[in-house]
Amino acid sequence: MSTHVPRLVIAAPASGSGKTTVATGLMRAFADAGLAVSPHKVGPDYIDPGYHALATGRPGRNLDAYMCGPERVAPLFLHGAAGCDLAVVEGVMGLYDGASGQGELASTAHVAKLLRAPVVLVVDASSQSRSVAALVHGFASWDPEVRVAGVILNKVGSDRHEELLREALEESGVAVLGAVRRVRTVTTPSRHLGLIPVAERRAEALESVAAQAEQVRQGCDLEALLALAHSAPPLTDEPWGPSPMLWAGVPQGGTGGHNATTGPHPNGAPVIAVAGGPAFTFTYAEHTELLTAAGAEVVTFDPLRDEALPDRTSGLVIGGGFPEMYAAELSANEPLRAAVAALARSGAPIAAECAGLLYLARTLDGKPMCGVLDADARMSERLTLGYREAVALTDNPLAAAGTRVRGHEFHRTVIEPAAGTAPAWGITHPRRQVEGFVQGGVHASYLHTHWAGAPGMASRLVAGAGIAGITG
C-alpha cells in the first residue's frame, strides 16, 4: 500500500523561536484557503494540539516516538491525515532535541525521518543578520537524512533587516519561504505549564489563531510551502486503526478480575465517563477512539459544572489538566465529589492521570476533593518534567502486574504520600522509585500514557466497566 499525503514539519533551532505561532498560522491559513488540513504535534504536548484543532476543525494529534514507538509514528500520522489535502506537523523544542540521553529518539528530526517529510526551520532572527546563514547551514547539514528544505524568518524588525537576512541565506542553499514581522498583538498567554488551553479562553483563542493566520499570509509564500509539501514521497505504512490494536497485551480469559472477552455486554455498551471542561483538558484523541472501538459509550462531563456523573456510568477516566487553577470550584461541587467517591467504593474502574490523581485526593491546596485517596496534594515551585519507563506493580484496571510502559510526567504539584500501600508504578528510568495508587478499581498516578502505545489499557478498562455495569 502506498499513500501520498502532502506534508510539512515545522521545526526550530530551539524552543521560543515561534514555531507554534507559525505552525498554527499556517494550518489556519491553508484551511481558510479551502484545504482539509491535518494537524499534528511531535511529542507529548497536550496544549498546542488544542490550538491546532481550533485552526483546522480537526482533532489535533500527537506523534510521540518514545511513548508509542517509532514503528507507530507513520501509521498514526496516516490515520489522522486520512482524507486530508495537507498535513502540518509542529515540532518540539529544537530540531534535534529528543528523549534525554537517548540520541535522536522522539526528536522532531527523528519524526521527520520516519515521515520522510521536508522540514521548514523557523528561526528567531530578532538579534542577528548574517549569522543566520551559519545557523541554518549547521542545522541543514547536521544530519543528511533530515531534509531541511526551507526557512521562515521570524521576528524580523524591518525591510532592511529582512534584506540582510535574505542576502546572507543565499549562501546557505536553503530557500527562504517567509519573513514574519514582530507583531506584539499576536500573543497567546501562558502560565506554569505552557500556553493556557483553548478550553479556558475559546473566544480569545479564536482571535489569536486568526491573527496568526493573517501574519503568516502576509509574510510567507504559501504557494511555495504547499509545493514543498507535495514533494514529500508516498508512505508505504498501513494506517493505524483502533480495532486491530485493542487486545494487544491482554491475556485470554481475563486480567486481574477484568473480563477480556470481546462479546457484547448483556446490558448494552458500558458508559465510560471522561472528565472534560477547563480543568481537565489533557487527553489524546486516540484514547476515545480506542474506548469506543472496545465497545464503550464515551460520555464527556465537566466536573466544574455537572453535579452528577453521566447516566449509567460504570467506568471513569480523569485525565490531566489544571485542577489547581480551579480547586475552589471543584471543591464547591460537593454532589459530584460524592458521586465520584461512591463510584470508587462500588469497585468500578477509574483511571486517573496527574490532574485526575489530584482530584481523587483528600485535599488540593487545603480544599476538599473527592477523598478517594488517603493523600493530600499541593502546588510546588518545582517543575517535574520528562519521559519515564515504568512497570505496573499491582494488577489494576489499566494493566496487569508486570506490564511495562513508557510515559511522561509534567506537573508543578506534589502529593503526599507519593504512593499508596499498593503503588501503581515502579519507575525504572530515569530513576528508580514507586508512585501512584491502586485500590479497588482505582488506578491513580502522575504518569501520562498514550494508549496507542499500550492499547490493552483501553480494552481492559472497558472490560472492567462492563463487569461493573452488570453487577452494579
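In what order do the six strands of the open sheet stand, and what is the pairing?

Guide: A word on the basis comes first. This is a predicted model, in which local features need pLDDT of at least 70 and side-chain atom pairs count only at pLDDT 80 or more, while totals for chains, interfaces and linings use all residues. Residues are numbered from 1 along each chain as its sequence is written, and side-chain values use heavy atoms, with hydrogens and water left out.

The six strands of the open sheet follow the order 11-10-12-13-21-20, and their pairing is mixed. Strands here are DSSP runs of E with at least two residues, helices are runs of H or I with at least four, and both are numbered from the N terminus; two strands pair if DSSP finds at least two bridges between them. Strands of a sheet pair through backbone hydrogen bonds, either parallel or antiparallel. Strand 11 (297–301) and strand 20 (437–439) are at the edges with a single partner strand each, so one side of each has no neighbour in the sheet. From one strand to the next the twist averages 15°, where axes are lines fitted to C-alpha atoms, for helices over the stretch in contact, and angles run from 0 to 180 degrees between N-to-C directions.

An unreviewed UniProt entry places the feature "active site" at C354; UniProt positions are given in the numbering used here, feature names are shortened, and annotations may be inferred rather than shown by experiment. C354 is buried, with a relative accessible area of 6%, where buried means under 20%, exposed over 50% and partly exposed in between, using a 1.4 Å probe and protein chains only. Although C354 is not a glycine, its phi is positive, at about 55°.

Rings of Phe, Tyr and Trp (its six-membered ring) pair if their centres lie within 6.5 Å, and planes under 30 degrees apart count as stacked, over 60 as edge-to-face and the rest as tilted. The count by this rule comes to seven aromatic pairs. One of them is the stacked pair of Y46 and F282, at 4.8 Å centre to centre with 5° between the planes. This pair links parts 236 residues apart, with Y46 in the loop between strand 2 (37–42) and helix 2 (48–56), and F282 in the loop between strand 10 (271–275) and helix 10 (285–293). F282 also forms an edge-to-face pair with F322, at 5.5 Å centre to centre and 80° between the planes. F322 lies in the loop between strand 12 (313–318) and helix 11 (327–332), so its pair with F282 ties together parts that are 40 residues apart in sequence. Both F282 and F322 are buried, and Y46 is buried as well. Ring pairs join Y46, F282, Y284 and F322 into a cluster.
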